[in-house]
Amino acid sequence: GDDEVERFAFACADEMKIDGLRAAPSELSGPTVLAEDLCGTTAVAARKMTPSERALVLFKRKLRNRESAKRSRVRKEETLRSLIVKRDVLQAQAQAQNEELARLITENAQLLQMPHGTFGTVDCA
């Protein structure tokens, strides 16, 4: 929210250095500045900016990058959870198929040990 943006502005003010000038926290905070959209700027527009305006643009870019990184981490976590579920399902299927294979191998061995001609006959005695 706006509180987070304002805290971020104060925290990042000392980090933002443009042409040897530092942006003061007072230049980065304020209801009208922080309420603006977080759109970027063009190189032509950047050349016409004052140092404090450039600092604000860099601050906005940093904020956009931070939000983008956060969204990427969330997507990565969702993908990882999905892959873990798929892995678990596939492992269970493989286990079931291995058990069925072992059962069929045993059944086949038993059938091969029967004398020829007795397979499928019924004893009527």
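The side chains of Glu107 and Arg103 come together in a salt bridge, 2.9 Å from N to O.

User: What makes Glu107 and Arg103 a salt bridge?

Analyst: A salt bridge needs a side-chain nitrogen of Lys or Arg within 4 Å of a carboxyl oxygen of Asp or Glu. Here N to O is 2.9 Å, so the pair qualifies. This is a predicted model, where local features need pLDDT of at least 70, side-chain atom pairs count only at pLDDT 80 or more, and totals for chains, interfaces and linings use all residues. Side-chain values use heavy atoms, without hydrogens and water, and residues are numbered from 1 along each chain as its sequence is written.

User: Why are Glu107 and Arg103 about one helical turn apart?

Analyst: Because they sit four residues apart in helix α5; helices here are DSSP runs (H or I, at least four residues), numbered from the N terminus.

User: Which residues are linked in a network of salt bridges?

Analyst: Glu100, Arg103 and Glu107. Arg103 also pairs with Glu100, with the closest N and O atoms 2.8 Å apart.

User: Why is Arg103 called partly exposed?

Analyst: Buried means under 20% relative accessible area, exposed over 50%, and partly exposed in between (1.4 Å probe, protein chains only). Arg103 has 43%, so it lands in between.

How values were computed: Helices (H or I, at least four residues) and strands (E, at least two) are DSSP runs, numbered from the N terminus.
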